[in-house]
Amino acid sequence: MKKGITLFLLLGFFLPFAQSKLKPGLYVSKNEQKGIELRINEDETYELTILSGKFQAVNDTIVLNSKYASMNPFEITKTLSDERSNFIDVSFNYSYYSYYGASFFIGTQNNDKDAVEYKNLLDYISDNENYYDLDKKVNFKVKKTKYLYFVVKQKDFIKSSKYLIDENISTLDVLYSGSNFASLQLKAYKKDENSIVVTEGKQPLLFELDGANVKLDDKSLQPIVFITDAKIDLPIREEEFVSEEQTYLENTEENKKFVFKHTINQNFKDALATLNKTPSKFLVVARNFTKEDFNAYIKKDEEELSSYMYYDYLPEYDKYNYYLATEKDDKLFPSASKEKQLYFLNTNGQILYFTNGDFEENNQLLQTYSYSIEELNKVNSFALLDYSLQNKKTALPTYKDVFAKIVEIEVPYEYDYSTVEELKSQDIEETEDAVVVVDTAVVEVVEAVDSYSELKDRQNLYLLKATKETVFSKWSEVLEFYNKQSSFDKEIVKIIKKELSNEGFSKTLFDEKGEIILSHNFKGLDYLLKYYEQIKKDEDTPDENYYYSKSMNEAMVSFLKEIINSENNFSKQAKQKAINYFDKYVEVSNNNSQVISAYLDVLGENNNLQSKEEYYKIFELYLSVLFPSTGNQNIFEALDKAYVENNENDWSIFKYSFSNLSNNVAWTVVQNDSTDSVLIKKAIKWSELSNEVTKNNGYFLDTLAQLYYKDGQKQKAIKTEEEAIKVMNNLGEYGSDSLMEMEIVLKKMKEN
């Protein structure tokens, strides 16, 4: 029997946890939370230790010291080179979890007699592009000296590591992996002979009585001197990162040194030129404002941004440039209103939005964390697409960048698409400064779709002028161009995956899905299949977006499934084409078991799209991939191997999915009332597989029983059906339709 609810297997990347036996021993964490110990015992038990070390008796108190307090927190790997240089390339990893609340210093010493010169790490990396990303490495150069010191300063201690620098060292890869428990010191007392009480915290803990040597790599650079409580006069830098525990006095206005200043240009052309230096920002043009009012707001905004940034410039707070329009600029703007107005422009000078009111009235709109910035980013992508399409010299890679920008947008936003047709008949006015103007006379009022939006005059938002046909045609040109390249393009892959998942530019621009976009999506599939191996290899090397984006397999499978499983949205020809693509997909993937499993799942739900003979043939291919004829590998070893290779998400789900698929294929032989004895015997083997992997499943047992009966094994069939009914009763299925059907089947078996 086929169970009514099918559990589908997600095709994605997850850290595998197979049933492989763990090797007993002591495992020690090596990431930023250094020193956590996991001991695996022979009896399949484990112990997880986050704190260990020596204890000492101080009067009547027992002090528990962390052993990591005396360990060198810097792990340094050196690279040697025959080329001589006066500098060393340093790659410094300052992960947030180990770095928060700490300050780092690098000391240089030319020879034994010279004093050590210390510089704050921030002095080396303040111009680095990853300066504000606390989960990446920063790269910089340090002058080569005889000794280098790496120092960490925290609230309770200073640790210093001194290294002898060989003249052949060219690079140092530095990882600070200090444990957060290093400075933790617990106090306890002995309650009686067999119990200890740890007194830290609101609720004391009562405890009652009830190694592996690491070989150092030759490339590892070890300190010649390590001091756990160094007494060093370190240079003071006001921009040091500080812990939250430092006093309020350190956070007062007098100690803030960074002062943010807007660049205010005196003419519109210069204002656009300045904006182009930071294309992620927008230009806010203040129209019909007095100079005094404008300057007063600029001063207030500068003070506010300075307080946000505090230590140094933070681009995530700096969203807008400002320009005070003069009478000479009136021709650039469509409204003849004499009221105060704010216009928002992009780097091309296109007006994205405008509204009436002064700065105070629009204060929420201009806030750093305003939701409006996301909406402006969205309409900006519309404007950039129109701008590119209007320029016949726009290169195809530029279009790729625009499409990539659009698919990154996640803001829900709707407008009346009927206005687009009206706008097509309007001529685009271009001034000498290339400001593109929207004729607001034909723009209908657009209802707000988000109650949190700060854009009060949504009818003044930029509307896309390009037609669906024009956009899809240009995207096809882009695909054809990149399809001729020798290697794949990551941005193109990202766009295609978004399109296949109905999260791409078709959805964002036109809220479009269905047959109209099938053509370019099939072209997208061609691209993914052409570069399948390259893309798969790239995906097997996860980056920072690893868990946040769909894999190629997920995107392709979801797209093909949507077409094939749809009842009314797609034609029979489109469904057959999707089936053909699945065939090609299986071949290109080198018979990947995940892909075949997804294909079988689709075919099982759509009996009319493929012959039963082809369905069984594909399932036998699936089994041959999982269980090669060579070797004596048992069923669980084979499944475990496939589970690990495919990075499946859960071992129990993976096993059940295999059993369910095997049962479903075998059940079709029962459903079709086949009399083919060879096929029936094959189906029995498939059903036996499902029952071997997943025990005590009433539906799977029912399938096997009915196959036994069709094969003439009456007594075996009766016994198996009785077992299925027993399982269903034990699960509380008494009175269910499935159970009653099984009882009817059993009665017929006994009577005939």
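**Rings, strands and confidence**

Student: How far from the ring centre of tyrosine 581 is lysine 584, which lies over its face?

Tutor: A charge sits over a ring if NZ of Lys or CZ of Arg is within 6 Å of the ring centre and within 35 degrees of the ring normal. Lysine 584 lies over the face of tyrosine 581, and its distance from the ring centre is 4.8 Å.

Student: Which pLDDT do local features need in this predicted model?

Tutor: Residues are numbered from 1 along each chain as its sequence is written, and side-chain values use heavy atoms, with hydrogens and water left out. In this predicted model, totals for chains, interfaces and linings use all residues, side-chain atom pairs count only at pLDDT 80 or more (pLDDT is the predictor's confidence in each residue, from 0 to 100), and local features need pLDDT of at least 70.

Student: How many contacts beyond four places in sequence does the model have for residues 411–452?

Tutor: Where pLDDT is low, the predicted coordinates should not be read in detail. Over residues 411–452 the pLDDT stays under 50. Counting a contact as heavy atoms within 4.5 Å, the number for this stretch beyond four places in sequence is 90.

Student: What phi does glutamate 44 take in the hairpin of E2 and E3?

Tutor: E2 and strand E3 (residues 46–49) are antiparallel over 4 bridges, with arginine 39 partnered by glutamate 47 in E3. The hairpin has 5 residues between the strands, and glutamate 44 takes a positive phi near 65°.

Student: What is the angle between the planes of tyrosine 308 and tyrosine 317?

Tutor: Rings of Phe, Tyr and Trp (its six-membered ring) pair if their centres lie within 6.5 Å; planes under 30 degrees apart count as stacked, over 60 as edge-to-face and the rest as tilted. Tyrosine 308 is partly exposed at 30% relative accessibility and tyrosine 317 is buried at 17%, where buried means under 20% relative accessible area, exposed over 50% and partly exposed in between (1.4 Å probe, protein chains only). Their pair is stacked, with centres 5.3 Å apart and planes at 20°.

Student: How many residues apart in sequence are the parts tied together by phenylalanine 403 and phenylalanine 505?

Tutor: The ring centres are 4.5 Å apart and the planes are at 45°, so the pair is tilted. Both phenylalanine 403 and phenylalanine 505 are buried. Because phenylalanine 403 lies in helix H6 (residues 396–407) and phenylalanine 505 in helix H10 (residues 505–510), the separation in sequence is 102 residues.

Notes:
Two strands pair if DSSP finds at least two bridges between them. Helices (H or I, at least four residues) and strands (E, at least two) are DSSP runs, numbered from the N terminus.
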